[in-house]
Amino acid sequence: MSHGLTTPPRPTSSADGLNPAQRDAVITMRGPLLVLAGAGTGKTRVITMRMAELIRQGVPPERILSVTFTNKAAKEMQERTQAILGRRMKTRPAISTFHAYCVRVLRDEIEALGYPSQFVIYDRGDQESAARKALRDIKVPDAALRPGDLLSQISRWKTAGVAPDEASQFIDDDRGYLAAAGYRRYQASLRAAGSVDFDDLLMLTLRLFDEFPEVLERQQNRFEHVQIDEYQDTNELQFRIVAELVRPHRNLCVVGDDDQSIYGWRGAEIKHILGFQQQFPGAKVVRLQDNYRCTTQIIDVANKLVKCNRGRHEKTLIAHKSGSDVLFKPYPDEQAEAEGVVRDINYLVTQLNIPPADIAILFRTNEQPRIFETELRRLRVPYTLIGGQSFFDRREVRDILAYMKVLSNPQDEVSLLRIINVPTRGIGDAAMDKLLNEAVKSGRTIWSVAPELVATKTISAKTYGSVQRFHALLESWRPRFAEKGAMLVDLFRQFLKEIDYDSEIEKQYADQQQQVARKAVVEECLSAVKEYQSRSLRPSLGGFLEETALTGKDDSFGENPELERPAVKLMTLHSAKGLEFPRVYLVGLEEGILPHQRSIDGGTTEGIEEERRLAYVGATRARDFLTISWAQVRLKWGKMKPTIPSRFLAEMQPEE
DNA sequence: AAGGAGGGTTTTTTT
DNA sequence: AACCCTCCTT
């Protein structure tokens, strides 16, 4: 049987769902291979199988690099491989996200680029603060260019490999001019703090590869095989890193589904999966179209929907089990929608004994779950909100992480700015403004310009005293945290006591219950540190921060992983990628929400097509039951506004 | 400098 | 409706 474009597979008796030719290609092939795997065709299983087979054939595990999209997926793959191979695996395959892989390379090699090896990774919140500060430093008012917009422009530039100095060549209007200036300032301040953002991790790795052949060679020699999951979501930088890595042997296996590409806004380029055969001539292509997850009814609806997209590899999923019809439910308003959905769920859980964990509510934006949460709480249905901003965006968590960052890195001005007056210690906005202006102007730290400003009476002696005291406090604690074998949790608890962080909470929240809840959040942070310390070989504040930046919510915080809790799952369509549930409620199918207003306003077909793929991803998360709902009236900024049913509804049920 | 009242704005998804 | 910013008072 020939390789190349294989025909849709007939289901075979083999449990892996591959026909012999595919099996052959997937498992034994070297050289470039593209596995086009539709939703629910078991692509993770295929990639794991391949890895296990390579190891069986004698490839040392550590010579295989598997790149996944999330840390959660990495962990899962690690476990599956372990389960297949058990004791035969003496070493472990390198399984990680792109970013985690880059961090490992950079920790060893980044000094060549003039960065400290102990660089700090800025998470999304830090990036926003840094962008805000950059705009402040160059005196751009918020109205002219929002920090969020600056960030996405910076990200686009970085992904395209445009350095700060070059950015002005790529602008066509005043906003672009401001953005270019903002980019220069932003990057300079990260540089000065020895910090990197997510894009830097990729960009700097690529720069190392480009400028230091011996570094590239070391990495190339490390791996004999590279495989990438969710290939449809790779951006330009990731693509180029991979291309460099596999250049000597071309043993690259990528798995993905162009119909599930939902990160275009983050720079993901469908062209990489669509053009794989041009990029890697001679590549074999295997299509997996047998869906083992959903019912015929669900697949039918999903197929109809995604067929409306133009730029895609043609394929049609084939379902293998029948179930009940997909339900389409209009509700008078959003309140009724939440009540209706939760009433259904409550019935399933209490009357039919369906495990709550079998049920998911999926939505487009993070403002949607609120009302569902309220209903779930009212009926006492256990639920968890996945992702979103729940934990990490809480003020206390951000404060605490900022303190840790400042303690582990004196240069981190962005974090310092957040906490220098939290709790209030007499360093007000006016004084900070002057300190920062002088610091920016002379390119020094606020600590070193403070004496001059007090001498010229720019700041008051009282303020100066507070600044000095705080500086001394940080300096006295820093070495204690840096000590070898320091008990991080205990130290940090003492530290919080000394700065009297509790007083901040008490001041901020009048309500007793709120205070208790917020203090519990602080405790949660501390237990995360404790947990990290007990598991880590050489624990340090920096190590903890790196982990939280990279893995975020899944691992380092929270007792048991959110996803495994016996509760109804609430999450955005983006977070639902890669998951499946017996029962799914896809809510808010309205113009302006799905497709999102911003994509509609963008006016491009690609924008709408990505929204359509998002709906497609949502629908195909459901194994057996899918309910799609929308509200006919929705509360927007305190006002009821009639809605227009999503265009996707008509596409999913064409005869109506 | 700090806290509180009043007014204006709200535009997505996340490694 | 909720949040953030600004201005005002202490």
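The legends below describe close-up views of a predicted model.

Residues are numbered from 1 along each chain as its sequence is written, chains are lettered from A and ligands numbered from 1 in the order in which they are written, and side-chain values use heavy atoms, with hydrogens and water left out.

**View 1. Helix 3 (residues 71–85) and its buried face.** Helices (H or I, at least four residues) and strands (E, at least two) are DSSP runs, numbered from the N terminus. The 15 residues of helix 3 should span 21 Å at 1.5 Å a residue, in agreement with the 21 Å between its end C-alpha atoms; the expected span is 1.5 Å times one less than the number of residues. Asn71, Ala74, Met77, Gln78, Thr81 and Leu85 of this helix are buried (under 20% relative accessible area, with exposed over 50% and partly exposed in between; 1.4 Å probe, protein chains only). Seen down the axis, these buried residues fall within an arc of 120° and therefore line one face of helix 3; the arc is that of the directions from the helix axis to the C-beta atoms. They pack against helix 2 (43–56), strand 2 (64–68), strand 3 (94–97) and helix 24 (541–551), where contact means heavy atoms within 4.5 Å. Glycine 86, with a positive phi near 50°, follows the helix.

**View 2. Packing of helix 16 (residues 395–408) and helix 23 (residues 512–535).** Two packed helices are described by the angle between their axes and the distance between the axes. Here the angle is about 40° and the axes are 9 Å apart; axes are lines fitted to C-alpha atoms, for helices over the stretch in contact, and angles run from 0 to 180 degrees between N-to-C directions. Helix 16 and helix 23 are therefore oblique to each other (angles under 35 degrees count as roughly parallel, over 145 as roughly antiparallel, 65 to 115 as roughly perpendicular and the rest as oblique). Glu396, Val397, Ile400 and Met404 of helix 16 make the contact with Arg518, Val521, Val522, Cys525 and Val529 of helix 23.

**View 3. Packing of helix 22 and helix 23.** The two axes cross at roughly 145° and come within 9 Å. Helix 22 contributes Tyr501, Asp502, Ile505 and Glu506 to the contact, and helix 23 contributes Gln515, Arg518, Lys519 and Val522.

View 4. Glycine 256 is buried, with a relative accessible area of 0%. Apart from residues up to four places away in sequence, glycine 256 touches Val35, Leu36, Ala37, Tyr231, Gln232 and Ile273. Alanine 39 is 217 residues away in sequence, with a C-alpha to C-alpha separation from glycine 256 of 9.3 Å.

View 5. Most residues other than glycine have a negative phi, and most peptide bonds are trans. Glutamate 230 has a positive phi of about 50° and is buried, with a relative accessible area of 9%.

Notes: This is a predicted model: local features need pLDDT of at least 70, side-chain atom pairs count only at pLDDT 80 or more; totals for chains, interfaces and linings use all residues.
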